[in-house]
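Work through these exercises with the structure open beside you. Try each task before reading its solution.

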Amino acid sequence: MTQKEIENLRNTIKTASLKVISENIARMKKTSPNRPEIMQYFDEMANLFGQREKEIKELQDQGKKVIGYLCMFAPVELILAADAIPVRVGSGWYDPAKQGDKIVPVEVCPIVRSTIGTKMIGLSPFLEMSDVIINPPTCDGMTKLGEILSDQKSIWTLSAPRIKDDPQSLIFWKEEIKAMKKKIEGLTGVKITAKRLRAAIELRQKASLAFRRLQDVRKISPVIMGRDAMLVSQTITWDDTQRWTEKTMMLCDELERRVKQEEWACSPSNPRVMITGTPMFWPDNWKIPHLVEEAKPQGLIAADELCSGDRILYDPVGVDEWTGSDMLSAVAEKYLMASTCPCFTSADGNEDRINWLLDRIKEFKIDGVIYYTVRGCMLYAMEYARVKRILDKMNVPIYYLDTEYTREDVGQIKTRIEAFMEMLDTRVQLSRGTQP
Amino acid sequence: MLAGLLIITIWIRDETRKISYLRTFVQVASLIGIFYLFSLTLWLSVVLIVIFAATIFLGRFFCGWICPFGLYMDFISQVRKTLRIGYWALPEWLNKNLHRLRYIIFVVILLPPILLFFLDPLYQQKWASALFLIGSFTPLTILLGPLEPLIVPWGETLGFSGLSLSYPYVRQVIVYSSGIFVSINVFLLIALTVASSFLVRRFWCRFCPTGISIGIVNHLPHFKWAPIMHLNKVEEKCTKCGICKRVCPLQVTEVYDQKGGDIATSMCMLCLRCAEMCPYEGCLKANFNGKTFFKSRNWLKK
Amino acid sequence: MITAGIDMGTQSVKVVILKDNKVLAQSSVFSGFDPAAAATEAFNKALEKAELTKSDLQYFIATGAGADMAPFHNSTISMMGADAKAATFLFPTARTIVDVGAEEARAVKCDENGVMQSFVVNERCAAGAGTFIETMARALEVEVEEMGPLALKAETASPINATCVIFGESDVVTLIHRQESKPEIARAIYDAMAERITSMVQRLGVTPDVVLIGGVAKDVGLVASLKRKLGIELLIPENPEFAGALGAALIAARKAGGASK
């Protein structure tokens, strides 16, 4: 493709994307007319081509480094400690996937294809601005994605072992983290001292606290629609951590007030749904959350087990003694051992994820689970059987839904989600003794 | 100092330190308590039997909250932390083998004197005191703690009189030896206990015979319930994040390895550091006879 | 209590008018390009047959792929929900329902009250739905209605390996050129369909009794192949294509506070 063609494509898709972003927000506002005012901040941040892009550009011009990452294994605390800007660069745009089809087969994970396409046309401001990209090769797609991107961007590979609770795995991972620390120091020219690392860890711990508050509120009552909460969670992957924490705390203050006043965002008798599966990136891949919360009968996404949502900030870094070596151990362990990604396996089959799901179902009073995967994801798809078995035993309905980075299947998925919501609603009503 | 500690415990904001400070408070209180308690003469053997019996019920609670020796080791650790020096975590295989050493040490301390007592009447008096069938704690030597072996043997020379060795193993070792062996043994003791706990947290505790009573008793069919004070984990809430395993001063791995339920281990001294640091609410609990008196919470709310 | 259910299917719109658990009238009209108009037509036809006017109806529920496009409906219900209701009404022992429509096939599990427990839909494959038969009939140059009886004549089936309707067609052409007999080819086509439907149902788990509905349930060839592949007897109602609309009407009756369960 010529430069001109690329530019045209980029502008077309960017304009379309801006439209999608504002449409998404309009839809979210429509469902929840009394949305808290502070959500305005998150709506602005949701514009990936807006304020944040400018901010990062300015910081970069001042000499700060931008370190992109493709997966939640990247040690963000180390990036922050080196005074660099961490930003997640996995693509959430549907249209670039078609560009990616030119390079890799169509069976490949749509997120990977879309990221390739996004790089080809230079769509993502964060991807373009990254000085380097950390790529953990957690699955086949990610492994080769790094290679393909390495033609145009500097890629740092961060290997995670496939079994996480063996002592040798931890040793390996710690070495990887140490090596990554050196690389970050080399790039930024900033030495990650114990003091800096402590500040970064405490900053992220505060963010975790804000997130936990949000979760605690969602446990009790439907004061915030799932889509809004998911947007808030995901925003931290590109936003400034300190500011995000402040705004989220303000949001939680408002939500806690609403809990007391019983100002619900939707009826408490709505079925409470949990989505689990492959990441759902803003802005285009909001398909399913929209359908769930706009369905008749309406569902509420009370929680999710997505690395683009609740999993980002759930596990804090637990530091025992604030010495350099202990902090580094704590950071390393948090990213490896607390993760529930299906890229891991164990004798009992990634029981960590199942435990997480079961705990959530109890704590958040989940009525049904949507198991969502992008087509081509072997890891998540193959784990479904075990998850289903356990959830069947617990008599929690679970529905498997796989989809592509395309808008064409919205009609089909709509009927299925509506049927599932109908089923959940009937069950909920029956269990409460009300007539469905 | 006690008052100071109490104030710190109540006012401290840092959620991840509250229990630790409380424990230090209790430890210091216990030290002072023991000091005054043992100014009444008390037979050492009685003390030992009481501790061993209590351990069957309370687990190694004594070790974590009362033992003055533990307090000294914790103090040395605190010095290390203040100097910003990292600890040395023993490799797991070494730690596990040290656990087994406990039984051997127990036998070595108690068995020879009993045998020799019956075999060699000439040394009856000496052995008797070595066996502490008679003999008491001296308050001063409790306070001296780990430095005891340094001072007591030369107490007479230095002008301290009336000192007698209180710590059992110390007594054994010093009394058996003579001449150069006294110094070697003293050196060994100090090295083993005081010096090494600088780098390895609670080093002595890993092979201290206290706690083997649980280990032994658990093998008996009717005593599976022992101890009634222990840790408990809720399986679903555990994310296997490994924080509990990392922060444990004794490197007890059962709290991490076991999926859920009561944590069965004869090593845990119930310092509750793991429960204090576990970031998932209600996951790790400390139970007394089934009732939870402390459970992990969201310590982010500092 | 008079209610109506309207099934806005992809190929045709079906209307059922129900009074006190008895079907008063039903009618079906091809959707064509204007499903809403077809719906109105079907609706009026049904009203005529039942000798009623629109104001006689108390509640009106739409279902099917185009449910939202149905003119004048009180609410919508999913096809799965409608299927479950209709099946248990027609056969109280029904627990698994297989609904093969023109473009989509689905299987639903329900309890004795017709409440949907779980469902599965055939994904991205039209070879498990009615259109497959039409395409294949074209390739064989027979009328769609003749396909079923034709297949029943065959003792065995020619091998068709198609994973896709498009390739299936070229497979069939090859077989014709090889001068395999038409009955054998027809049977193979039904077997291929039955294979897909069976694997879909087995994902859900088969609990007897199994009910087959949808327009394609009238096709004797498919029924025979499906019985063979599933290895279980199938209960088929008299007018299987109206089951969806019937279910919607039943639910309408209950929603309006009617007597039916």
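How many residues of chain B are in contact with chain A, and how many of chain A with chain B? Before you count, note that this is a predicted model, in which local features need pLDDT of at least 70 and side-chain atom pairs count only at pLDDT 80 or more, while totals for chains, interfaces and linings use all residues. Residues are numbered from 1 along each chain as its sequence is written, chains are lettered from A and ligands numbered from 1 in the order in which they are written, and side-chain values use heavy atoms, with hydrogens and water left out.

**Exercise 1. Describe the interface of chains B and A.**

Step 1. Count the residues. Contact means heavy atoms within 4.5 Å. By that rule, 30 residues of chain B are in contact with 33 residues of chain A.

Step 2. Take the area. Buried area is the accessible area (1.4 Å probe) that two parts lose on being put together, summed over both. Chains B and A bury about 2800 Å² between them, and carbon and sulfur atoms give 44% of that. B:E236, B:R246 and B:L300 supply 25% of the area that chain B buries against chain A, more than any other three residues.

Step 3. Count the polar links. A salt bridge is a side-chain nitrogen of Lys or Arg within 4 Å of a carboxyl oxygen of Asp or Glu. The count between chain B and chain A is twelve. A polar contact is a pair of N or O atoms within 3.5 Å; within protein, one must be able to donate a hydrogen and the other to accept it, and residues adjacent in sequence count only if both atoms are side-chain atoms. Between chain B and chain A, 14 residue pairs are in polar contact, both residues at pLDDT 80 or more.

Step 4. Assign the elements. Helices (H or I, at least four residues) and strands (E, at least two) are DSSP runs, numbered from the N terminus. On the side of chain B that touches chain A, α5 (68-82), α14 (243-247) and α16 (273-277) of chain B each give two or more residues. The largest share, three residues, comes from α14(B).

**Exercise 2. Trace the salt bridges of A:E351.**

Step 1. Find the partners. A:E351 forms a salt bridge with B:K240, the closest N and O atoms being 3.1 Å apart. A:E351 lies in helix α15 (residues 351-363) of chain A and B:K240 in the loop between β1 (229-233) and α14 of chain B, so this pair joins two chains. A:E351 also meets B:K259 in a salt bridge (3.6 Å, N to O).

Step 2. Check burial. Buried means under 20% relative accessible area, exposed over 50%, partly exposed in between (1.4 Å probe, protein chains only). A:E351 has a relative accessible area of 15%, so A:E351 is buried. B:K240 has 13% and also counts as buried.

**Exercise 3. Is A:R212 buried or exposed, and which side chain of opposite charge is nearest?**

Step 1. A:R212 is found in helix α10 (residues 194-220) of chain A.

Step 2. Look for a charge partner. Lys and Arg count as positive and Asp and Glu as negative; His and the chain ends are not counted. A:R212 is buried yet has no salt bridge, and the nearest side chain of opposite charge, B:E281, is 5.3 Å away.

Step 3. Look for another partner. The side chain of A:R212 makes a polar contact with the side chain of B:N298 (3.2 Å). Residues that A:R212 touches include A:Y314, B:Y280 and B:L300.

**Exercise 4. Describe the interface of chains A and C.**

Step 1. Size the interface. Here 16 residues of chain A are in contact with 17 residues of chain C. The buried area is about 1500 Å², of which carbon and sulfur atoms give 50%. A:R416, A:E422 and A:M423 supply 34% of the area that chain A buries against chain C, more than any other three residues.

Step 2. Find the salt bridges. The rule finds two across this interface. In one of them, A:K414 meets C:D68 (3.0 Å, N to O).

Step 3. Name the elements. β8 (398-403) and α17 (410-432) of chain A each give two or more residues to the side of chain A that touches chain C. The largest share, eleven residues, comes from α17(A).

Step 4. Check exposure of the pair. C:D68 is partly exposed at 48% relative accessible area. A:K414 is partly exposed at 29%.

Key. Lists of a residue's contacts leave out its neighbours within four places in sequence.
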